[in-house]
Amino acid sequence: MTPHTLSQQNLEQLAPGVTPPQYDRGSVSAGIVHFGVGGFHRAHQAMVLDDLMAQRLANDWGIVGVGVREADLGMKEALIPQNCLYTLTTKDMGAQSTRIIGSIIDFLYAPENPEAVLSLLADERIRIVSLTITEGGYNFDQITGEFLWSNQAVAADVTRLESPQTVFGFLTEGLRRRKEAGIEPFTVMSCDNIQGNGHLAKKMFVSFATRVDADLAQWMESTVAFPNSMVDRITPVTTPDNIHEAETTTGLKDAWPVVSETFFQWVLEDNFPAGRPPFDKAGVQLVDDVEPYELMKLRLLNASHQALAYFGYLKGYRLAHDAVNDPDIQTLLRRYMAEEATPTLRPVPGVDLARYQDTLIERFTNAEVKDTVARLAAESSDRIPKWLVPVINERLEQGGDVTLCAAIVASWARYAEGVDEHGAPIDVVDNLKAEVMASAQLHDEDLLAFVRNEKLFGDLATKAGFTTPYLATLATLREHGSAKALKDVVG
């Protein structure tokens, strides 16, 4: 017998042990618009709102998801027939919990009806617009930090704000309408893995608005809040096995369930002039300064993911927990975190950094989550420059050693050659795929070709403190393979 689709009407058919929303969804009204509804948002921010709604603390903070990219159409097609309900399963070694999340109350696919999105953004009920648009979605130059007007879709939105196609156009036009109507601006809350994500978001959106209307840009600069945040929960890509497991567990068919680890952290700058839900009642840390937490997470967790991804793939691992259980890879991670990343951090209130690093290894080895090496190795050109290159630069300024950082970059350069150690093709997934692979193809002529890309690495190719260990590892990777190169680095 084919199971019924997950929906509000079918919740009464949920299997025992699965928790439905603990509130009347009919009483929930929109308060947040979220751009970029994916697995992470649904395992993180949407879960927090669901928790608060269960406590009767956030009924006017329902989330309306918005998709602007062609790839977002699949999320609409999954969520709308399910009344925007979905299954969230959290897993640790030997423990699993499944619930149905109901905090997303609608989903709009912007290309189908841009005006519906703009009208919602101008609605005074909307007090927060949140973002998980990926590290590359902020449209800035990796080296100069300036807005990239070479992005044709973004640049075109300046003259088509009545029917925009990018998040820059939508937010700017929404704020313009609020300004003209005398409505208080919404707060823009970035939840992406970028240091100073709020500061960066403000700079980029104001830069865009400057070409639209200088007065509007000045108003945004002075009145719109862009709080910084640090977000953390490992959330792999949903697989067919996850879909089957959700159906077996719940008794209902969910087109796009989410699986994540149990660990959750959200550190948020408390800067919400238009109001906010009582996030702290659901485990969110509200602080005055997010930076120490951001640096800790980006340089220890995120950069370590890059450390295991390329060496792990080249050594033949396809699941993250298998890679981290390799003694040499685990040694690389532990030594990188302790010896090169930690000296670049600021004091983190209330955190034992040594214990935090132990916790990261425990999380990485969680076999229940089944995070893939391929996911961690994707979009490297958006990640390495933001997470690892700052560590390298600070270490060099301190006169410190960067052997381990250089080895991580070298492993990416070897991975970007697009062929593994057995001659099989590697599916390189990157916004700059053609560019990074073209650089890697020049290794036979110039072993520094990959790191000569100043958009990604600045002037690192001219710094012997970096190039000496980088060249040593890259040469060994190409001549003797990843096992030998890794042993040389950690031995």
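This is a predicted model: local features need pLDDT of at least 70, side-chain atom pairs count only at pLDDT 80 or more; totals for chains, interfaces and linings use all residues.
Residues are numbered from 1 along each chain as its sequence is written, and side-chain values use heavy atoms, with hydrogens and water left out.

Five strands, in the order 5-2-1-6-7, make up an open sheet with parallel pairing (two strands pair if DSSP finds at least two bridges between them). Which strands sit at the edges? Look for strand 5 (104-109) and strand 7 (187-190), each of which pairs on one side only. On average, neighbouring strands of this sheet are turned by 25° against each other, direction ignored. (Axes are lines fitted to C-alpha atoms, for helices over the stretch in contact, and angles run from 0 to 180 degrees between N-to-C directions.) Now zoom in on one pair: strand 1 (residues 30-35) and strand 2 (residues 62-67) run parallel and are joined by 5 bridges. Here you'll find I32 standing opposite I63 of strand 2.

There's another open sheet to find, with 3 strands in the order 4-3-9 and mixed pairing. Strand 4 (95-101) and strand 9 are at its edges with a single partner strand each, so one side of each has no neighbour in the sheet. The twist from one strand to the next averages 20°. Strand 3 (residues 86-92) and strand 4 run antiparallel, with 7 bridges between them, and T87 has I100 in strand 4 as its bridge partner. Helix 9 (residues 240-250) lies across strand 3, strand 4 and strand 9, and runs at about 80° to strand 4.

Is E261 buried or exposed? With a relative accessible area of 2%, E261 is buried (buried means under 20% relative accessible area, exposed over 50%, and partly exposed in between, with a 1.4 Å probe and protein chains only). What does the side chain of E261 meet in there? One of its polar atoms lies 2.8 Å from the backbone nitrogen of I234. The side chains of E261 and R363 are joined by a polar contact of 2.4 Å. (A polar contact is a pair of N or O atoms within 3.5 Å; within protein, one must be able to donate a hydrogen and the other to accept it, and residues adjacent in sequence count only if both atoms are side-chain atoms.) Leaving aside neighbours within four places in sequence, E261 is in contact with residues including T90, K91, D232 and N366, where contact means heavy atoms within 4.5 Å.

Most residues other than glycine have a negative phi. In the loop between strand 6 (128-131) and helix 5 (152-156) you'll find T134, whose phi is positive, about 75°, although T134 is not a glycine. N139 is in the loop between strand 6 and helix 5 too, with a positive phi near 60°. T134 is partly exposed, with a relative accessible area of 44%, whereas N139, at 7%, counts as buried.

On to the helices. Helix 16 (residues 389-398) has V389, P390, V391, I392, E394 and R395 as its buried residues. Among the elements covering them are helix 10 (291-314), helix 12 (327-341) and helix 20 (464-480). In helix 18 (residues 433-440), the buried residues are V436, M437, S439 and A440. Seen down the axis of helix 18, they fall within an arc of 160°, so they line one face of the helix (the arc is that of the directions from the helix axis to the C-beta atoms). These buried residues pack against helix 17 and helix 19.

Finally, the cores. In soluble globular proteins, nonpolar side chains tend to be buried together. A nonpolar core is a set of buried Ala, Val, Leu, Ile, Met, Phe, Trp, Tyr and Cys residues joined through side-chain atoms within 4.5 Å. The largest one here has 77 residues, of which Y336, F450, F457 and Y470 touch the most other members. Helix 10 gives the most to this core, with 14 residues. A second, separate core of 41 residues includes L120, F140, F208 and F226.

Methods
Helices (H or I, at least four residues) and strands (E, at least two) are DSSP runs, numbered from the N terminus.
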